[in-house]
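Here are a few exercises to work through with the model open in your viewer. Try each one before reading its solution.

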Amino acid sequence: MDARATATVTPFSTLIRTASHEAHTEAETSTFMSDMLGGRLGVNAFARYTEQLWFVYRALEEAADGLRDDPVAGPFVQPSLFRTPELERDLAHLRGPGWRAAATPLPATAAYAARVEECARTWPAGYVAHHYTRYLGDLSGGQIIRDKAERTWGFARKGDGVRFYVFEGITNPAAFKRAYRELLDGVNADDLEKQRIVDECKRAFAFNTAVFRELGEEFPLSA
């Protein structure tokens with residue numbers, strides 16, 4: 001069976017997951033993430049990571065209102081996913097009430113947020129790629145990060161510091177993820193456009209890897 005036929009019969013949610021698997025693995029197994037989740041870095045590293053997430057999610061969510069009626073991206077705009085208020089509460093806990101004045105994006109984070117904004121403005125299908133990459137990850141592997149953070153730095157379970165990982169509006173994450181994958185399978189795009197979305201997913205994971213690399217440079221382990 002040729003690639004075009006496979007693209008037609010394979011559910012898009014499966015295609016997008018398998019095609020981006022290598023890039024996903026590279027991102028989640030970065031040295032910084034391994035060191036942070038292994039308890040080898042202090043809480044300041046976790047706070048700096050949370051700060052970088054704030055810049056990315058602000059880009060995702062500030063664009064959401066303008067995409068609600070878009071035939072491709074609109075179905076994915078769901079307020080139950082929004083993370084910016086939770087990130088801001090976490091940062092106030094981690095960094096204190098003046099955290100905004102000191103918040104700075106790493107170069108890789110700034111590039112990542114700019115790409116999200118560009119896709120939202122010029123290519124809604126590309127926005128879907130970034131939406132999928134972030135939110136499905138939060139609902140899955142993000143829960144491992146929350147558990148590790150609670151154990152390592154003593155945060156209250158699902159409390160301040162880790163509220164980003166707690167989706168109060170989603171009572172059944174497994175069912176939500178199934179419904180999300182059904183949205184992907186029904187995305188309003190032809191096979192060529194779907195391949196472009198897959199490529200943008202890979203690009204999103206590459207942005208994440210770059211952010212982790214720069215965080216690792218900022219928080220190297222002591223010799």
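**Exercise 1.** Which residues in H8 meet which residues in H12? Then work out how the two helices are oriented.

*Solution.* Keep in mind that this is a predicted model.
- Start with the contact list: from H8 come Pro107, Ala108, Thr109, Ala111, Tyr112, Arg115 and Cys119, and they meet Glu200, Arg203, Ala204, Phe207, Asn208, Ala210, Val211 and Glu214 in H12.
- Sort those residues by class and you get nine nonpolar, two polar and four charged.
- Now the geometry: H8 (residues 107–122) packs on H12 (residues 191–218) at about 155°, with the axes 8 Å apart.
- Angles over 145 degrees count as roughly antiparallel, so H8 is roughly antiparallel to H12.
- As for handedness, H8 passes H12 in a left-handed crossing.

**Exercise 2.** How do the axes of H5 and H6 cross, and what classes of residue make up the contact?

*Solution.*
- The axes of H5 and H6 (residues 84–95) come within 9 Å and cross at roughly 155°.
- That angle makes H5 roughly antiparallel to H6.
- The crossing is left-handed.
- Among the residues in contact are Phe46, Trp54 and Tyr57 of H5 and Leu87, Leu91 and Arg95 of H6.
- Counting by class gives nine nonpolar, three polar and seven charged residues.

**Exercise 3.** Which residues have the most contacts inside the largest nonpolar core?

*Solution.*
- Look for Phe46, Tyr49 and Tyr127 in this core of 71 residues.
- Helix H5 (residues 43–62) supplies the largest share, 11 residues.
- Zoom in on Tyr127: leaving aside neighbours within four places in sequence, its contacts include Leu60, Leu67, Val116 and Cys119.
- Cys119 also turned up in Exercise 1, on the H8 side.

Terms used. Residues are numbered from 1 along each chain as its sequence is written. This is a predicted model: local features need pLDDT of at least 70, side-chain atom pairs count only at pLDDT 80 or more; totals for chains, interfaces and linings use all residues. Side-chain values use heavy atoms; hydrogens and water are left out. Axes are lines fitted to C-alpha atoms, for helices over the stretch in contact, and angles run from 0 to 180 degrees between N-to-C directions. Helices (H or I, at least four residues) and strands (E, at least two) are DSSP runs, numbered from the N terminus. Angles under 35 degrees count as roughly parallel, over 145 as roughly antiparallel, 65 to 115 as roughly perpendicular and the rest as oblique. A crossing is left-handed if the near helix is turned anticlockwise from the far one by less than a right angle, and right-handed if clockwise. Contact means heavy atoms within 4.5 Å. Ala, Val, Leu, Ile, Met, Phe, Trp, Tyr, Cys and Pro count as nonpolar, Asp, Glu, Lys and Arg as charged, and the others, Gly among them, as polar. A nonpolar core is a set of buried Ala, Val, Leu, Ile, Met, Phe, Trp, Tyr and Cys residues joined through side-chain atoms within 4.5 Å. Buried means under 20% relative accessible area, exposed over 50%, partly exposed in between (1.4 Å probe, protein chains only).
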